[in-house]
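Dear colleague,

Please find below the sequence and the structure that I am handing over to you. My findings follow directly after them.

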Amino acid sequence: MSSENESCWSGNGSVGTLTCLLLAWEDWVGLSNLEDYLSFLDYLLWVFTPLVIVFILPFLIVILLYLSILFLHVYKRKNQLREAYSNNLWDGARKTLATLWDGHGAIWHGYEVHGLEKIPDKGPALIVYYHGAIPIDYYYFLARVIIQKGRTCHSVADHFLFKVPGFKLLLEVFSVIHGPQEECVKALLSGHLLGISPGGVREALFSDETYPLLWGKRKGFAQVAIDSKVPIIPMFTQNVREGFRSLGTLNPYQPVAVTMARGWVANRS
């Protein structure tokens, strides 16, 4: 028995009551090496904290999307009180969110766009891009187009996105459609920009660091361009695969890196 325990049992006032209670609790539960346990837990926390940060990042993107939706709802309610309720209601909201997303891209990934001048200031064009594990580079691109071109680029998204709770308003404000080809042609004939990734979710999940295009037999985008008689503008983001890993290509020995992303907009064809 230690000297502190002896002091507690003898009633010596030199040992505090709280200390005696802690010692008694340690003896009762059998944790005589409590400090060793706490030290081991502190070591585990130090080891796993970077892993938690890495894997929680995609969830932070989802949270940012929901915060964007919340902002749109607040913006809508505020402007309902104004007499000038018109079709341009969402312009301020789009520009504000574009500024937030553009700042996120610049700070977190050092996102840059090369060749943005090839995007027409007016008139239609079909933008075809590679679908990374998470197409956050395309979100940054949309933000840059809104800020520097003053245009809203329509986008084609997978059907499942329209079933995500709370996403309806966000998709409407940013002119996201799920097809079919007729809707795409209609948007282009109306003079809008339209972004589409032929690979879609399949490319996001099963492509890898060699960046193969997994389009399969998806050639509808080409038919849309032919029917609407608009130019096709290819776009690719450097390092988009190094920013996020999908489960299909996850390598436990290869760390997830936060890398500089550069979007390259090619010549129109």
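The count of salt bridges comes to 3, a salt bridge being a side-chain nitrogen of Lys or Arg within 4 Å of a carboxyl oxygen of Asp or Glu. Before I describe them, please note that this is a predicted model, in which local features need pLDDT of at least 70, side-chain atom pairs count only at pLDDT 80 or more, and totals for chains, interfaces and linings use all residues. Residues are numbered from 1 along each chain as its sequence is written, and side-chain values use heavy atoms, with hydrogens and water left out.

Salt bridges

Arg94 is bridged to Asp91, with 2.7 Å between the closest N and O atoms. Both residues belong to helix H4 and stand 3 residues apart, about one turn of the helix. Helices (H or I, at least four residues) and strands (E, at least two) are DSSP runs, numbered from the N terminus. Arg94 is buried, at a relative accessible area of 12%, whereas Asp91 is partly exposed, at 30%. Here buried means under 20% relative accessible area, exposed over 50%, and partly exposed in between (1.4 Å probe, protein chains only).

Asp102 and Arg144 form another salt bridge, their closest N and O atoms being 2.6 Å apart. This pair links distant parts of the chain, since Asp102 is in helix H4 and Arg144 is in helix H5, 42 residues apart. Both Asp102 and Arg144 are buried.

In the salt bridge between Asp121 and Lys149, the closest N and O atoms are 2.8 Å apart. Asp121 lies in the loop between strand E1 (112-114) and E2, and Lys149 lies in helix H5, so the pair ties together parts that are 28 residues apart in sequence. Asp121 is exposed, with a relative accessible area of 57%, while Lys149 counts as buried at 18% relative accessibility.

Aromatic pairs

The structure holds 9 aromatic pairs. Rings of Phe, Tyr and Trp (its six-membered ring) pair if their centres lie within 6.5 Å; planes under 30 degrees apart count as stacked, over 60 as edge-to-face and the rest as tilted. One of the pairs, Trp101 with Tyr140, is tilted, at 6.4 Å centre to centre and 50° between the planes. The pair links distant parts of the chain, with Trp101 in helix H4 (residues 91-109) and Tyr140 in helix H5 (residues 136-149), 39 residues apart. Trp101 is buried, with a relative accessible area of 9%, and Tyr140 is buried, with a relative accessible area of 2%.

The ring centres of Tyr130 and Phe236 are 6.0 Å apart and the planes are at 65°, so this pair is edge-to-face. It also links distant parts of the chain: Tyr130 is in the loop between E2 and H5, and Phe236 is in strand E6 (residues 232-238), 106 residues apart. Tyr130 is buried, with a relative accessible area of 5%, whereas Phe236 counts as partly exposed at 32%.

Helix H7

In helix H7 (residues 181-189), the buried residues are Cys184, Val185, Ala187 and Leu188. Seen down the axis of H7, these residues fall within an arc of 160°, so they line one face of the helix; the arc is that of the directions from the helix axis to the C-beta atoms. The exposed residues Glu182, Lys186 and Leu189 are on the face turned away from the buried side. The cover over the buried residues of H7 includes strand E2 (125-129), strand E3 (153-156), strand E4 (176-177), strand E5 (193-196) and helix H9 (220-228). Just after H7, Gly191 takes a positive phi of about 90°.

The chain as a whole

The protein chain has 10 helices and 7 strands. Of its 269 residues, 39% count as buried. Among contacts (heavy atoms within 4.5 Å) between residues at least 6 apart in sequence, 72% join residues at least 24 apart. The accessible surface of the chain comes to about 16400 Å², of which 63% belongs to carbon and sulfur atoms; accessible areas come from the Shrake-Rupley method with a 1.4 Å probe, and for residues only the protein chains shown count as cover.

Yours sincerely
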